[in-house]
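Hello,

Here is the structure I promised to pass on to you. Have a look at it first, and then read my notes below.

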Amino acid sequence: MKKSVSKFIAATALVLGLILSVALVGCGGVKEIALDTSAVATVFEVGTEFNSDNLVVYAKNGGTNERIKKDEYTVSAPDMSEAGKKTVTVTYGEITATYEIEVVVKAVVATFTGDVSFGLGGGRVMDFASEFKCYNTLEWEIVGAGGIYSDSGKYTVKDGVYTMTMSSGSNISTTVDADGKVTIGYEGFGIKLMGGMLTANGHGILTLQE
């Protein structure tokens, strides 16, 4: 009986060893993965769909980092129905790594107000009172009086300086003067006027509303 048990244990150990070997070969002997989340969305509005777009996963192997293909790892989708900090788990074979996101109730964190001027050609200019809002979801939007024009995009904020990414792909940053006054120099979006016959390019300076 003891011999049978010993043989069973030995056989089980052999099978487990083979399975482990296959798993290690399948992951290339990788023991650790690294995540690059520098371009990944980490703030979401409650109820929106989670995504891990632009996530980059590396296999740390022998002192080198090798990028792992997207279809070779899985990303857990956290609960987006309630606000709070959430942990996202990335799994590659038997190896996992995590990063955090925050799910928030969308709210305005800064409002910039002022006039945006539109040059219409022939020396003609139209000014519109404008409101530029930044939300805690790291999104911004600008709307002119009466909704005559609008634009939106993403932003980052560091040390009180807002850097906007416009739909055109260009960046615009706020400036802070000696008195702490924060302003945005805004330029480069267009509106259609006169039945779409005229395109006007907008520019202006907006001041942070206390």
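This is a predicted model: local features need pLDDT of at least 70, side-chain atom pairs count only at pLDDT 80 or more; totals for chains, interfaces and linings use all residues.

I would begin with strand 10, which covers residues 139-144.

Strand 9 (residues 124-135) runs antiparallel to strand 10 and is joined to it by five bridges, with serine 130 opposite glycine 144. The two strands make a hairpin with three residues between them, and leucine 138 in that turn has a positive phi of about 65 degrees. Strand 11 also pairs with strand 10 in the antiparallel sense, again over five bridges; here isoleucine 142 faces aspartate 151. This second hairpin has five residues between its strands, and glycine 146 takes a positive phi near 75 degrees.

Now to the aromatic residues. There are five aromatic pairs in the structure. In one of them, phenylalanine 132 and tryptophan 140 have ring centres 4.8 Å apart and planes at 20 degrees, so the pair is stacked. Phenylalanine 132 is buried, with a relative accessible area of 0%, and tryptophan 140 is buried too, at 2%. These two residues belong to an aromatic cluster together with Phe112, Tyr155 and Tyr162. Another pair, phenylalanine 44 with phenylalanine 50, has its centres 5.6 Å apart and its planes at 50 degrees, so it counts as tilted. Both of those phenylalanines are buried.

One more ring is worth a look: the charged end of lysine 106 sits over the ring of tyrosine 135, 4.5 Å from its centre.

Finally, the largest pocket has a volume of about 270 Å³. It is lined by 14 residues, of which Ala39, Val40, Ala41, Leu138 and Lys154 are the closest to its centre. Leu138 is the turn residue with the positive phi mentioned above. Strand 11 (150-158) and strand 12 (161-165) each supply at least two lining residues, and the largest share, three residues, comes from strand 11.

Best wishes

Definitions and conventions:
Residues are numbered from 1 along each chain as its sequence is written. Side-chain values use heavy atoms; hydrogens and water are left out. Rings of Phe, Tyr and Trp (its six-membered ring) pair if their centres lie within 6.5 Å; planes under 30 degrees apart count as stacked, over 60 as edge-to-face and the rest as tilted. Buried means under 20% relative accessible area, exposed over 50%, partly exposed in between (1.4 Å probe, protein chains only). A charge sits over a ring if NZ of Lys or CZ of Arg is within 6 Å of the ring centre and within 35 degrees of the ring normal. On a 1 Å grid over the protein atoms alone, a cavity is a set of points where a 1.4 Å probe fits but cannot get out, and a pocket is an open set with protein on both sides within 12 Å along at least five of seven lines; lining residues have an atom within 4 Å of a point. Grid points are joined across faces, edges and corners, and a volume is the space filled by probe spheres set on the points. Helices (H or I, at least four residues) and strands (E, at least two) are DSSP runs, numbered from the N terminus. Two strands pair if DSSP finds at least two bridges between them.
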